[in-house]
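Here's a quick tour for anyone who likes to look at contacts before setting up a calculation.

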Amino acid sequence: MPLLVMKFGGTSVADLDRIANAAAKVKREVERGYDVIVIVSAMSGKTNELVGWVEQTSPLYDAREYDAVVSSGENVTAGLMALRLQEMGVPARSWQGWQVPINTTSAHSAARFVSIPRDNIDAKFSEGMKVAVVAGFQGLSPEGRITTLGRGGSDTTAVAFAAAFGAERCDIYTDVDGVYTTDPRISSKARKLDKIAFEEMLELASLGAKVLQTRSVELAMRYNVRLRVLSSFEDTDENSGTLVCGEEEIMESKVVSGVAYSRDEAKITLFTIEDRPGVAQAIFGPLSEAGVNVDMIVQNISEKDYDERHPGAVTDMTFSCPINQVARAQKALEEAKAEGKIRYDELIIDTDVAKVSVVGIGMRSHAGVAARMFESLAAENINIKVIATSEIKISVLIDRKYMELAVQALHDAFELEKTA
Ligand code: ASP
Ligand code: MG
């Protein structure tokens, strides 16, 4: 039997009517001849409520009990979905993570998959079960405790099942109808993409296009799981939504596929640091220990590299991080300075920046993307504060107040409203 994985997010199972609507979509695939593994999220808002209950009960909670409580939302949806399918005449049953079992590490609230043995579910399929409804987001630790994967983790559960069971495709039903060239709330010209490559989706997901949990895309890329994002609120067929797939499946792609942004960035500069081996490590070591997610890093060229009259060997270092980590970063740097581990004259913090990026696998083989990007920002009189590039992405930090304008200008400059 060909097998499909279908995942329904929180808004798609928000109440009994929506569960019935999702079940009807599952039934249709069964009628087309598929065995189906359904992965469900908690009903929308439920996980937040459960987290709140834990925090009110015990501010410094035991992470194992946090997972026991917070994983329960998915159990409810899985049972209700199985019941609804049975009412529709579809042989279905629910599975909690430990019943499969979904073996994970014991990193509570951030667990990673270790293995998903197929035997239990396969045995039921061969007895005539057509649908296995599995609670997303949860697993079982080696110690026999319930774990969770981190917020948004049901996407990753879905991809892991698709990989483990060799599914033809993994359909992620959500409240948007696909992946867009940019955020349609910012540019009215944003266009839904039919296909997007794993690498591009990864860049877009981590840059704030929060349709899929980043880990789920990483896993899909590693196991070559074809992933489709589509709306549970519309009538859908096999061509709906956006397919996230390997490059080889994308015949024609534009040089740039999308414009992404991240609003909540901060830029930190250390002025006049020493230019000698070990300085970068002395700066970024403490930042990493403090849990700061450093993104762009720019080090100035040192005077000694171009002017022999200035052997003083000093330079400047700038990096970006999420705005809510600035306090932590500042503390780590000031402590390192006080302990004599690093030297700098001044620490300048700019919390009014945003990051805008153009992404596309076509950049690997096309020149001129950077020039076109900078030209379009210059035409809008937007000053670029930091530039960083990768093989398939160019990112700039700019003043936050120009973020929307920059996204619109770049979408226009690369004509993303047009298909390839
Ligand atoms: N219910 C969990 C959350 O809200 C997992 C998920 O829905 O993906 O984060
Ligand atoms: Mg989600």
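Predicted model: local features only at pLDDT ≥ 70, side-chain atom pairs only at ≥ 80, totals over all residues.

**The ligand site**

Let's start with ligand 1. Which residues surround ligand 1? The shell is made up of Ser41, Ala42, Thr47, Glu74, Phe137, Arg151, Gly152, Gly153 and Ser154. Sorted by class, that shell comes to 2 nonpolar, 5 polar and 2 charged residues. Ala42 and Phe137 fall on the nonpolar side, while Glu74 and Arg151 bring the charges.

Oxygen atoms of ligand 1 turn up in contacts with Ser41, Gly152 and Ser154. Here they are side by side:

| Residue | Part of the residue | Distance to an oxygen atom of ligand 1 |
|---|---|---|
| Ser41 | N or O atom in the side chain | 2.8 Å |
| Gly152 | backbone N or O atom | 2.8 Å |
| Ser154 | polar backbone atom | 3.0 Å |

How much of ligand 1 does the protein cover? On its own, ligand 1 has 260 Å² of accessible area, and the protein covers 86% of that.

**Rings on rings**

Now for the aromatics. Two numbers describe a pair of rings: the distance of the centres and the angle of the planes. This structure has 4 aromatic pairs. Take Tyr61 and Tyr66: the ring centres are 4.9 Å apart and the planes meet at 20°, so this pair is stacked, given that the cut-off for stacking is under 30 degrees. Are the two partners buried or exposed? Tyr61 is partly exposed, at a relative accessible area of 30%, whereas Tyr66 has 10% relative accessibility and so counts as buried, the limit being under 20%.

Phe161 and Phe165 make another stacked pair, because their planes are at 5° with the centres 5.8 Å apart. Both Phe161 and Phe165 are buried.

**Charges over rings**

Some rings have a charged neighbour. Arg93 lies over the face of Trp95, 3.6 Å from the ring centre. Over at Tyr344, the charged end of Lys337 sits above the ring, at 4.4 Å from the centre.

**One residue in a strand**

Last stop: Ile349. Where is Ile349 placed? You'll find Ile349 in strand 16, which runs over residues 346–359. With a relative accessible area of 30%, Ile349 is partly exposed.

Terms used:
Residues numbered from 1 in each chain as written. Chains lettered and ligands numbered in written order. Heavy atoms only, no water. Phe/Tyr/Trp six-rings, centres within 6.5 Å; stacked < 30°, edge-to-face > 60°. Buried < 20%, exposed > 50% of the residue type's maximum accessible area, 1.4 Å probe, protein only. Lys NZ or Arg CZ within 6 Å of the ring centre and 35° of its normal. Near = heavy atom within 4 Å. Polar contact = N/O pair within 3.5 Å; in protein donor to acceptor, adjacent residues only side chain to side chain. Areas by Shrake-Rupley, 256 points an atom, 1.4 Å probe, with all protein chains shown as cover. Helix = DSSP H or I, 4+ residues; strand = E, 2+ residues; numbered from the N terminus.
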